[in-house]
Amino acid sequence: MADELDTTANESYYDDELESLPTHAIFQLILFTAIFVLGFFGNSIVIYGVLQQGSSKTTSSCFIANLALSDLAVLVLSLPVGLLQELASWPFGELACKIFFPLGDVFLTVSIMTLTAIALDRYRTIVTPFKKRVSKTQAKVCIAVIWICSYLAVGLPTSLILKLVSTHDGVNICYPFWDTALERKIHKIVTASIATLPLLLIGYCYFRVVIALWKVRIIYRDSAKSSLTTIRLEQKRKLVKMLIVIVIAFSVCLLPYVIFALALEFTGVDRNHSVRVGLVAVLSLLYANSAINPLILCTMSKDYRKGLRPCGC
């Protein structure tokens, strides 16, 4: 979805035959570079920290590492591809266009599905504690399924409609083509739904988790603070609090982009200068999410700070 919106905004640059980059494009380049540097090192450190946990890794750690991996992939592959399409002619041919451009949607879907898996895991562990817990092996299988299904659901369909076209001044653009305008609108709505509807399930899971923790806390409020039950309860509470903050940050970064993209699609607004500036703003916020999670982890989790000390976090 991000790549599709980039390409539609792109046409105005080439049609105007600008000899130099506009101010907002220069700002976009600087901002994206800062996001890339911060997010690349932050997510690399998170993955390193999880690997350092060895056999003590939990299912939550596995899912958090996968979230960091998808964020890292966004920064290494999706962000540069989008920036290249935005500011220059696509140089790598139609096959590369079909391979790399859908990845932005794939990584976004992996992130939202991973957050959903984390919420369901916390729900199962806290709300239904007598059910068998998800093992690390099951978590790894779930992660593999998330990647495969994400590509089949959004990556493959997008790759089938992408084509490399040349403008009248010889600039190559990787652009999606639909048979009808109705198909385009349906594709946009489906992609937006895949990215946002799981947030409702996540919200429900954490609502039930918070209620369950609150009830248990009342039961054990007279227990000694040093008791094992109280310590474990406090650890669960802190983990859930951190995960909720991660979900809120994801929602704040994602929803403005989705709303902006759908507004452009269904209102027929011209791609004028103000719209281009707005596009830069929502895209920057979307990509910034890939750099925010490591900051949340290092700020709110003492365990992650301990594991990441060799890297200076």
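Ground rules, quickly. The model is predicted, so local features need pLDDT of at least 70 and side-chain atom pairs count only at pLDDT 80 or more, while totals for chains, interfaces and linings use all residues. Residues are numbered from 1 along each chain as its sequence is written, and side-chain values use heavy atoms, with hydrogens and water left out.

Salt bridges, then. The criterion is a side-chain nitrogen of Lys or Arg within 4 Å of a carboxyl oxygen of Asp or Glu.

Start with E265. Its side chain meets that of R184 in a salt bridge, 2.8 Å from N to O. Why does this pair tie together separate parts of the chain? Because E265 lies in helix 9 and R184 in helix 7 (residues 181–196), 81 residues apart in sequence. Helices here are DSSP runs of H or I, at least four residues, numbered from the N terminus.

E265 also forms a salt bridge with K185, where the closest N and O atoms are 3.8 Å apart. Again the pair links distant parts: E265 in helix 9, K185 in helix 7, 80 residues apart. Put together, R184, K185 and E265 form a salt-bridge network.

Now burial. Buried means under 20% relative accessible area, exposed means over 50%, and partly exposed is in between, with a 1.4 Å probe and protein chains only. E265 counts as buried because its relative accessibility is 12%. R184 is buried too. K185 has a relative accessible area of 28%, so K185 is partly exposed.

Next, R122. Its salt-bridge partner is D121, with the closest N and O atoms 3.3 Å apart. Both R122 and D121 are buried.

I148 sits in helix 6 (residues 136–161). At 52% relative accessibility, I148 is therefore exposed.

Last stop: S251, in helix 9 (residues 228–267). Leaving aside neighbours within four places in sequence, S251 contacts L199 and P256. Contact means heavy atoms within 4.5 Å.

Notes: Helices (H or I, at least four residues) and strands (E, at least two) are DSSP runs, numbered from the N terminus.
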